[in-house]
Structures are given as C-alpha cells and as structure tokens.
Amino acid sequence: MKYVLMFTSDVDLNEKVDPARAEEVYKRIFEWFNQGYAEGWIVNGGAELQPPGTATTVRHSGGGDPVVTDGPYVELKEVVGGFSVVEADDLDGAIAIAKTWPHLELPGTGVEVRPIVDHENM
Amino acid sequence: MSGPADADGLLAATLREEAGRVVASLTRRFDFDVAEEATQTALVEALVSWRADGPPDRPGAWLQRAAHRNALDLVRASGRRDALAQRAPAPAQSSTEPSSGTDDRLALLFGCCHPALAPEVRLGLTLRAVIGLTTAQIARAFLVPETTLAARITRAKKKIVASGITMAVPEGEALDERLDDVLTVVWVMFNEAYLSTTGTQDRDLAADAVWLADVVATSLPRHAEAWGLAALLRLQHARRDARFSADGTLVLLAEQDRSRWDRAEIARADDLLERAAKLRDPGRFQIQAAIAACHATASSWNETDWFQIATLYDLLLAHDPSSVVRLNRAVALSFLGPHQAATALTEIDALPDRERLEGYHLFHATRAALLRAVGRSDEAREADERALMLTGNEAEQRLLRHRLA
C-alpha cells in the first residue's frame, strides 16, 4: 500500500534549534532518502517546501473567480515542511518507516501518515 | 434447574468463545469490516434462533456458516472487488470448525487495540469483534446512545480497511509496547463493568474481561504483565458478591463481608501471580495484583498489612507515576498513622496537575479520607460533598450520600 508521509514541525522550530544540530539532522535526512530509494520503500521523493511565509492560497469564493490571499491554507502552530510517498505492506510498515525520519529527534516535530487513494485498483 | 438467566449465561459463554474465532477466520478471506459486520449479524441471528430453539450441537460451525453467508451477501450487495476475491469455498468444504487457536483471536485483539485507533473506540471494537457483543448490548452496558456508538465503530472499521491496519500480533519489542495497550483495554473493560450496578445488563462483562485476560495470558505465557492482569482481575472479581448491599449501595472494602469473597478465585489468582513472578519482569499490573493480594489475604480490614501495601505503591510509582497511583498511595499511607496521613495530605495537595484533579471525584474522596484521619472532620465532609457532586456513578453517589447523611 502507498502512504504519504507529511513532515511537520512547529512553526518556530528553526529559531529554537542550534544551527550545527540542524545541519547534522539535515545530512541524515539526505541519507534517509538515499536509503529509501536504494531499498525501494520510497515511491516518490516528494518535495521539501519553502517556509509558510512563502505560501499563497487560492480559495473558492461563492461562484466567482477564486480569491487569492497571502499565507498558507490554515494558520497553524505546526506546519507541513515537505512530503514523500512510501510503499509498505500495511500501516505498521508505514509507521515503522515514519519513525525513522531523522527530524523526529527534535521536539515539536511530527509525521502524518495517510494512505493515498489507489487509482489503479478502482 | 437452570432458568432463563442461566440459559443466557450459557449462551453468552458460547458466543464469547466462538465469536472472535469466526471474525478472525473470516478476515483471511474478507476485509475486516465485512468480516466483522457479517459476524455481528450472525450473532444477532444466533441470539434469536438459539433462545427459541436452544443452541445447536456445534455452535461454532453454525456461527461460521451463518457469518460466511452474510459476508458473501455483503460483498455481492456492495459490489466490492476488494473482498479478497479468491474463490471463496462453499462453507461445507471449508473447515466448518472455526480455525484453531487463540492465536487468531489474539491477532484480532491486537488489531482492535492498535495505537492508530482512538482509545475510546478500541474497547467498543474489541467488545464487538473479539467478545461478540452486539452494539445494543454494549450501549446498554455503558449507557451510551447506540447510534453514537455504532457511528464511532463504523468510522473505526473504515479506518482499519482504508489505512491498512493488519490484524496481527506484533513481534519483538513492538509486542511489549502494544501489549500494554491491549492489557489497558481489558482493564478498562473490567473497570467499566465493575463500576456499574448489577442487573442492568444481560451480559456479565466483568466475567468476560476476566475470561479475555486469561486468553491473553495463556496465548502469551512468557509475558509477565499478561499474567499480572489476569491475576489482578480475578482478585477484584473475587470480591463481587460483597461489593453491593441489598439496596444496590456500594460497600467499601473496609466494610465488606469477607466471607462472601470467592476463595477459589483468589487461589487461582495466586497461581497466576506466581507464574508472573517467575518471569522476573515486574510491571504495573503485577504490582497492582500484589496490592490486591494483600487485601485478599488479610482476614479483616484491621489486619491489612498497610506497610506492605504502601511499599508496593512506591514500586508502582516507578512504573506508573500517575496521580491516580499517588492518590491510592496516599490512602494507604493514611492508615500508617495520623502523622503519615498528614504527610500524605500535604503531598497530594501539592500534586502538579492539581487543577485537573479538582474535577476528579476520587481526588476529593481521597482528601476526605485523609482529612478524617487527621481529625479535620468539617473539611472532610466538604470534600465528600465535592466528590458527590462530581461522580456520575449511581452506586458511588448512594455511598457518598449515605456517608454524608
């Protein structure tokens, strides 16, 4: 089954983490992706997103032209920083992969695990 | 001879023994939600048919056939190809005795108690899929509206199928963590049943919990905590005939007629606790069982070894540093003398989550006991009144009102 992993963290995490530590975690994230590709559990590397301050939202507006506003869809304390698509036998498998996400060592981080709609089997 | 109540008890025990096996075996051919729904329908059919005509010679096979037929109907009706479309053999050819093993039921139990499912739904799912209760029975037992419960369970089953939660016993380290979740659900099940007044439902849920704890322990004999929980539940269950007075008032441990305790059950619990101890892997359920055993071996309240109990609570804190444990420990300390009671009172008044505890009736009931022990009876009375305002449980309310009268 395929799952999206959405990597989240507190909006002010970057200010709270020592830059050397952040650098070191970043390196391990790079290795994590290499390993995922090599071992085949990463189906799609996805993307790392730029910070929420760079976001723009286009919203439904009652039938007229959709409205464009500054900012992410919802202003939250925690933000999505990136996503990837992984392959696992079941949710336990996907959770096991998510638990190895190097960023999780830092407080205020999380990974949402959600199955994708399987269009091939519908 | 046996009356309708005994017949129902027999029916319940039979269904309980077979239901989980049927669901587990169906999950091999069908998605979990189809397997569970099909079995649930078969259980309702069984209740109607067996009450009228008596149970069949091979109740497991009957249930299996009925559930299998229902599952096929469900798949056909919904046009779902995802029900593992291998040729499903006709029931007569497949093993008509449901597949062996507590192993299957254990897998089901671990699946229903998966951390990806909301804690409040794990119990409902377990009661339906593993024990074979109907939604109506669960709703009656726990006084929740049936429609709310049904909706919650339906959502959980959808999640199980959509997100790929497998009904399987985890391996290695994961097993220990997940086992604690499972044991907790069984523990909650027992407590919820235990707190309700007798005679309001047609199932003895406390007995069901004791049975389930046994199933888990015998399936995982090298896991000390499983034996610990089984022992703990038996020790508590042993006191059932002494817990309520004729008018349904709760009788406190201090006042219970110990001659009404089930000594055979206590002896059995001792064996279980010994098995646990041999594994040399202490944990919170074993320690709680040891505390319950202290009460069980005391011939009266006055002869209780409070020092031993207080020591055990100290040990328990290392495994479970929750406020509930601290409260219970404080009560034990209060029996070691007014000096200890005063210390205990200071301790619980200084608990970090004091604000949250203010809304917890047992917090006030504990304070009341301590205040009484140090002679501050007016404040004790106030604390009891707070406790009364906060408890929703009828039996506890009656007890508190009685104490305040």
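Which residues make a nonpolar surface patch of about 220 Å²?

**Entry 1: basis.** I worked from a predicted model, in which local features need pLDDT of at least 70, side-chain atom pairs count only at pLDDT 80 or more, and totals for chains, interfaces and linings use all residues. Residues are numbered from 1 along each chain as its sequence is written, chains are lettered from A and ligands numbered from 1 in the order in which they are written, and side-chain values use heavy atoms, leaving out hydrogens and water.

**Entry 2: chain A.** I found three helices and six strands in chain A (DSSP runs numbered from the N terminus: H or I of at least four residues for helices, E of at least two for strands). Their pattern along the sequence reads β-α-α-β-β-β-β-α-β. The C-alpha trace of chain A spans about 50 × 45 × 20 Å along its principal axes. Of its 122 residues, 30% count as buried (under 20% relative accessible area, with exposed over 50% and partly exposed in between, using a 1.4 Å probe and protein chains only).

**Entry 3: the patch.** I noted that A:L49, A:V80 and A:F83 make the nonpolar patch. A:F83 lies in strand 5 (residues 78-87) of chain A. I recorded A:F83 as partly exposed because its relative accessibility is 32%.

**Entry 4: two helices of chain B.** I looked up helix 10 (residues 224-237) and helix 12 (residues 284-297) of chain B, whose axes come within 8 Å and cross at roughly 30 degrees.

Note on methods
Patch = residues over 30% accessible without salt bridge, like charges linked within 9 Å, V, L, I, M, F, W, Y side chains within 5 Å. Areas by Shrake-Rupley, 256 points an atom, 1.4 Å probe, with all protein chains shown as cover. Salt bridge = Lys/Arg side-chain N within 4 Å of Asp/Glu carboxyl O. Axes fitted to C-alpha atoms, helices over the stretch in contact; angles between N-to-C directions.
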